[in-house]
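Trainee: I have a two-chain model open and I'd like to learn how to read it. Could you walk me through some features?

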Amino acid sequence: MGRRQTTAAVSLELEGFRYGSAPADALHGISLQLPPGSLTVVRGASGAGKTTLGMILAGMLPRPGMDTMTGHLELAGTRIGYTPEHTPRIDPAGWATQVGLLPQEAGHYLSGIRETVAEELAFTLENAGVPAPDMAHRVERIARDFDLEHLLQRDPARLSGGQQRLVALAALAVNESKVLVLDEPLAGLDARATALVLDFMDRLRRRGCTLLVLACTTGVLDPDLVLDLEDGTLHASPGGDAPYPVTKRGSVTPDAPVLLEFRDADLGYSSGTSVLKDFELSVRAGECVGLSGPNGAGKSTVLKAAAGLLDCRSGSLRATDTGLLLQNPTDQLFERTVLREVSFGLTKRGQLRQQVPQVLEQLGLADVAESHPYELPASARRLVALATVLVREPKVLLLDEPTEALDQEGIIRLLQVIDGILEVGGAVLFTCHDWRFMEATAHRVQHLGGNGPRGRDRSPTTG
Amino acid sequence: MAGSSLHPFTILAVAAAVVATTTAAGIWWISAAVITGCLVLAIRAHCARKLVLLSCAIILPAFTSQLLIHAVAATHGTRILLAAGPVTITAEGLGLAAALGLRTAVLVVAGILCTLLIDRHQLVAAIDLSKAPPQLGYLVAATLFLLPQLAGKQHAIGQAQQLRGVDAGWFQRLRLRSVPLVLGSLQDAAIRAPHLAARGFPATGSRTRWRTVPDSPCQRRIRYAAVACTLLGPLAILAPVWMGA
């Protein structure tokens with residue numbers, strides 16, 4: 001390590017990076033300079049190496065004695081050299097004051113050992129020994145910036161997926177790192193939270209904070225530079241995001257049978273108060289309905305109730321043969337291989353078991369059938385979770401934030417699956433914050449909570 | 001006992017003093033009185049049912065083993081109440097089993113009452129704010145929060161399996177959930193570890209806490225007295241016995 005002058009907030013010259021005993025480099029030939037106050041987006045399909053790049057910049061990779069890396073990093077005037085023979089040991093907490101990383105699964109950033117959101121926001125400051133008055137001031141300021149004041153006394157583990165991401169982002173930002181690497185920071189956020197995060201990112205840049213966003217698409221971001229990560233290396237981006245796939249959507253027959261119906265339903269969890277009251281919804285055969293609403297409005301609760309995981313406290317619920325894709329695919333996967341995962345619970349000689357190879361082929365998972373689900377990129381992991389649902393041939397497909405972590409290829413496969421379900425007279429109910437997906441997919445959108453009318457239909461274009 | 005005005009160390013210190021003194025005294029009516037006192041406290045804290053259930057789960061097997069060792073298969077004692085083949089029940093054996101069982105019961109009931117009265121977040125915060133080494137807070141936090149996290153993960157796995165039509169009995173459910181629970185928890189820990197390290201956990205230097213733990217000079221004096229009682233109480237009780245012997 002040595003000190004030298006550089007104009008970039010962080011600069012990486014990477015000849016090659018290889019995981020443990022992997023046969024080939026995950027990343028190679030990368031030259032990346034991030035000027036102070038800049039916003040750079042690194043795009044790439046799931047599994048392209050975005051997370052690896054982020055972890056290298058955050059000092060979490062290479063792991064000494066396990067991975068090999070050749071190249072150097074320059075940060076805060078310090079140059080850190082890596083060779084296959086020597087991987088310097090990095091103080092993670094000290095490094096995080098310079099470069100902070102928000103992981104793709106934001107829940108993994110949360111400590112899991114603090115009772116309230118306020119304590120979670122203060123966690124890093126507590127460990128750094130920041131005096132209580134200063135800590136209180138910084139936590140209050142960050143809670144105001146992210147509009148989290150109403151959540152400060154809530155248990156982080158009981159928040160919705162979008163709320164957890166917002167809390168994780170705030171907990172990261174409270175450390176006031178010079179460089180922030182954000183892996184899919186807007187995934188699962190509602191429109192209000194997205195606006196808050198974008199506004200905060202603008203303010204961070206004005207203060208000189210450097211931002212690197214890792215994402216499948218640029219989306220609503222307005223970056224200074226866009227780079228594509230393909231074949232393990234970075235390329236200058238040729239332009240905007242790929243056009244959204246076109247879907248086949250016919251009209252719904254008015255007299256088609258109702259496959260899913262809530263009437264005056266009161267939904268909630270056993271230990272808490274009602275999440276939704278007097279909820280009304282019906283979904284007919286051949287119909288695809290989107291559920292929109294702010295984070296924490298109860299969208300996942302509706303899907304869980306429809307799938308039979310929650311009971312209706314009052315009112316009625318009629319559901320025909322449902323299959324649910326949970327918001328977090330990790331919650332849905334527990335077997336050793338993709339094949340075992342998808343075959344779980346199916347009788348060995350049953351008809352459904354025979355369809356496993358076909359479903360894997362349909363979702364592009366045939367080649368990874370013997371891989372461990374946790375070893376797959378996020379997009380493929382989500383498709384494995386979808387395969388576990390599809391193989392049971394549900395009449396009503398319930399999808400909780402299905403586009404989260406899906407890359408372009410994954411989205412195309414998801415749309416094909418939805419088309420297939422509708423064509424055979426099934427129905428689809430999904431939650432999503434991605435309005436492009438909503439518009440491309442749903443026949444109609446029902447809004448929950450927030451500013452919109454509760455439990456009434458709404459055109460996707462009004463979102 | 002979230003929101004309690006008692007410092008966790010006060011509860012622990014008093015419990016330690018009571019258990020140490022009662023065990024040293026070894027008098028059945030003192031043990032019974034302590035257990036009754038614990039029950040009264042539990043009723044006031046609305047956790048009596050939990051205390052009774054959890055205590056019984058530990059005390060009953062322990063008490064049964066004492067009975068088997070000292071009452072049923074014992075060879076000492078002169079007041080024989082029942083003799084049938086190898087089984088000889090004597091009054092002295094029964095008394096000894098009851099005394100030892102009650103001593104164990106005091107330890108168990110007081111210990112469980114502490115876990116029910118002390119909020120685990122308050123306890124970890126109290127350790128962090130004390131002069132104890134940072135590793136102790138980490139160890140206690142890791143131990144106390146492991147079970148709730150495992151319970152949450154087990155619930156998620158159960159829901160995922162329920163979605164796939166698993167409708168099994170409790171043993172089959174246990175079998176189906178245990179392997180993914182262990183593997184998933186290890187995976188989860190491996191993913192979280194670098195982020196916790198980046199957030200400075202466990203802290204190696206001085207640390208502060210957002211959470212405040214209520215304390216007072218009076219409570220501190222009670223703690224000093226309780227610690228003195230824990231150390232000196234048994235000595236005061238046992239020393240005359242030893243000297244007499």
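Predicted model: local features only at pLDDT ≥ 70, side-chain atom pairs only at ≥ 80, totals over all residues.

Trainee: Which residues of helix 3 of chain A are buried?

Mentor: The general idea is to count neighbours: a residue is buried if 20 or more other C-beta atoms lie within 10 Å of its own. Here the buried residues are V117(A), A118(A), E119(A), E120(A), L121(A), A122(A), F123(A), T124(A), L125(A), E126(A) and N127(A). That makes 11 of the 11 residues of helix 3 of chain A, so this helix is largely enclosed by the rest of the structure. Just after helix 3 of chain A comes G129(A), with a positive phi of about 75 degrees.

Trainee: How many residues does each chain bring to the contact between A and B?

Mentor: Chain A brings 38 residues and chain B brings 35 residues. On the side of chain A that touches chain B, the elements giving two or more residues are helix 2 (92-96), helix 3 (117-127) and helix 4 (132-145) of chain A. Our helix 3 of chain A gives the most to that side, with 7 residues. Sorted by class, that side has 25 nonpolar, 9 polar and 4 charged residues.

Trainee: Now the sheet. What is the order of the strands in the open sheet of chain A?

Mentor: First the general idea: strands of a sheet pair through backbone hydrogen bonds, either parallel or antiparallel. In this open sheet of 6 strands the order is 7-8-9-4-10-11 (chain A), and the pairing is mixed. Strand 7 (99-102) and strand 11 (233-236) of chain A stand at the edges with a single partner strand each, so one side of each has no neighbour in the sheet. From one strand to the next, the twist averages 20 degrees.

Trainee: In which sense do strand 4 and strand 9 of chain A pair, parallel or antiparallel?

Mentor: Parallel, over 5 bridges, with strand 4 covering residues 39-43 and strand 9 covering residues 210-215 of chain A. To find your way in the viewer, pick V41(A), which stands opposite V213(A) in strand 9 of chain A.

Trainee: Which residues touch the most other members of the largest nonpolar core?

Mentor: They are A170(A), A387(A) and L429(A), in a core of 153 residues. Helix 11 (residues 378-390) of chain A gives the most to this core, with 9 residues. Another core, of 35 residues, lies apart from it and has A20(B), L51(B), V108(B) and A125(B) among its members.

Trainee: What does A387(A) touch, leaving out residues up to four places away in sequence?

Mentor: A387(A) touches V342(A), V359(A), L360(A), L363(A) and L365(A).

Trainee: Over to chain B. How many helices and strands are there in chain B?

Mentor: Chain B has 8 helices and 2 strands. From the N terminus on, its elements run α-α-α-β-β-α-α-α-α-α.

Trainee: Where is D147(A), the residue with a positive phi?

Mentor: D147(A) lies in the loop between helix 4 and helix 5 (161-173) of chain A. Its phi is near 55 degrees, and D147(A) is partly exposed, with 15 other C-beta atoms within 10 Å. E176(A) also isn't a glycine and has a positive phi of about 55 degrees. E176(A) is found in the loop between helix 5 and strand 8 (179-183) of chain A.

How values were computed: Residues numbered from 1 in each chain as written. Chains lettered and ligands numbered in written order. Contact = placed C-beta atoms within 7 Å. Helix = DSSP H or I, 4+ residues; strand = E, 2+ residues; numbered from the N terminus. Nonpolar A, V, L, I, M, F, W, Y, C, P; charged D, E, K, R; others polar. Pairing = 2+ DSSP bridges. Axes fitted to C-alpha atoms, helices over the stretch in contact; angles between N-to-C directions. Core = buried A, V, L, I, M, F, W, Y, C linked by C-beta atoms within 7 Å. Buried ≥ 20, exposed ≤ 12 C-beta atoms within 10 Å, placed from the backbone.
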